[in-house]
Amino acid sequence: MNITVTYKIAKRMLESTGEALSGQQLADEFGISRTAIWKHMKELEEKGYEIESVKKKGYRIVSIPDTLEPITIQIGLKTKRIGQRIEYVESCTSTQIIAHQLAQENAPDGTVVLTETQTAGRGRMARKWDSAAHKGVWMSIILRPNVPPQKAPQFTLVTAVAIVRAIEEVTALQPKIKWPNDILLNGKKCTGILTELQSDADGIQALIVGIGLNVNQDKEDFDLEVQGIATSLKMISGQTVNRQELVRAVLFYTELYTQMYIDEGFGMLKILWESYSTTIGQPVRARMTNHTLEGIAEGISDDGVLQLRTLDGKLHGIYSADIEMTN
Ligand code: BT5
């Protein structure tokens, strides 16, 4: 059984927006027998698609499974670049590793890697990212922007804005951003972003934007060590969230806002970012690799650098740190 053909048939059926398609019509369109079409229907049923077979009218897809396979994402996807190519694996070490590999093999701008679970999901500085199976969105996006390397850090901030907009659109929740890469709900982390760079003497070859979004976990789905600090969209809203719809929205806003950043600069996005931020105006402690600073987070610069004013009145530019609120 050729699974690519199975998916092409499913795509055709989903695009017919609820109308049944006859076995003969599908057989003619795909140049195969009606028996072969019937076998593809059985294959789809085995994959969790619910198919109604209406006498004399044909087949209709009634529901699709809760997976992040390309076909379930690409139907209804409103982007031009991001997600036009999606690499999907049921399980992997880390989508970042796959995306780095694909980027080196010249995968195009906008290629997306999606999985159901990661065995070695990673955060910044090789920290562990807990990736419960089928409960979240574990994804990496390959971007190839034509910008100098010093414009790379803002992609994390721009992506954070895109994710907040997507969550707002798909749920009734109102997430907040904690500089630089966390999205919070009720003060707990529901999303982390990890932006990695492939560059050479000619500049940026690829940005690999990793997104870990907790969607349908219950508390006990998290590892013990993060249960106290992590949350999911379901835990806060009380409702199971459609991951496919959420991925489409994240891809849509990521394309919109990264393009806006490339074309127009950070100005508007900075204002949007600040409107979602929990950090700005707050007393914070910034832990860096070798030292810690305490003060008021006054804002971010056009380069995405956090501006922290310490008690002695000095303004410090912070490029990378873990932030804790101290009030
Ligand atoms: C991040 O790092 O927040 C970036 C996480 C990026 C994960 C995505 S998933 C898809 C792609 N593939 C990957 O392998 N990675 C990316 P950082 O700011 O360093 O935060 C890491 C810390 O967050 C950990 O040390 C834990 O304390 C906490 N943590 C781990 N898993 C979590 C989860 N599922 N939800 C909330 N917090 C978590």
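**Close-up views of a predicted model**

**View 1. Contacts of R122.** Leaving aside its neighbours within four places in sequence, R122 touches S94, Q96, I97, H100, R127, W129, L194 and E196 in this predicted model. R122 sits in the loop between β4 (112-118) and β5 (136-143). Its relative accessibility is 28%, so R122 counts as partly exposed.

**View 2. G123 in the loop between β4 and β5.** G123 is placed in the loop between β4 and β5. Is G123 buried or exposed? G123 counts as buried because its relative accessibility is 16%, and buried means under 20%. Neighbours within four places in sequence aside, G123 is in contact with K128, W129 and L194.

View 3. An unreviewed UniProt entry places the feature "binding site" at Q118, R122, G123, R124 and K189. Which of these residues does the lining of the largest pocket include? The lining includes Q118, R122, G123, R124 and K189. Of the residues in this view, R122 is partly exposed, whereas G123 is buried.

**View 4. Packing of helix α2 against helix α3.** Helix α2 spans residues 23-30, and helix α3 spans residues 34-46. Two packed helices are described by the angle between their axes and the distance between the axes. For α2 and α3, the angle is about 100 degrees and the axes are 8 Å apart. That angle makes α2 roughly perpendicular to α3, a label that covers 65 to 115 degrees.

**View 5. Residues at the contact of α2 with α3.** From α2, the contact takes in G23, Q24, L26 and A27. From α3, R34, I37 and M41 meet them. By class, the contact holds 4 nonpolar, 2 polar and 1 charged residues.

View 6. UniProt, in an unreviewed entry, gives the annotation "DNA-binding region" to residues 23-42.

View 7. For "domain: BPL/LPL catalytic", the unreviewed UniProt entry lists residues 71-262. This span is 29% helix and 28% strand. The C-alpha atoms at its ends are 29 Å apart.

Definitions and conventions: Residues are numbered from 1 along each chain as its sequence is written. This is a predicted model: local features need pLDDT of at least 70, side-chain atom pairs count only at pLDDT 80 or more; totals for chains, interfaces and linings use all residues. Side-chain values use heavy atoms; hydrogens and water are left out. Axes are lines fitted to C-alpha atoms, for helices over the stretch in contact, and angles run from 0 to 180 degrees between N-to-C directions. Helices (H or I, at least four residues) and strands (E, at least two) are DSSP runs, numbered from the N terminus. Angles under 35 degrees count as roughly parallel, over 145 as roughly antiparallel, 65 to 115 as roughly perpendicular and the rest as oblique. Contact means heavy atoms within 4.5 Å. Ala, Val, Leu, Ile, Met, Phe, Trp, Tyr, Cys and Pro count as nonpolar, Asp, Glu, Lys and Arg as charged, and the others, Gly among them, as polar. UniProt positions are given in the numbering used here, feature names are shortened, and annotations may be inferred rather than shown by experiment. On a 1 Å grid over the protein atoms alone, a cavity is a set of points where a 1.4 Å probe fits but cannot get out, and a pocket is an open set with protein on both sides within 12 Å along at least five of seven lines; lining residues have an atom within 4 Å of a point. Buried means under 20% relative accessible area, exposed over 50%, partly exposed in between (1.4 Å probe, protein chains only).
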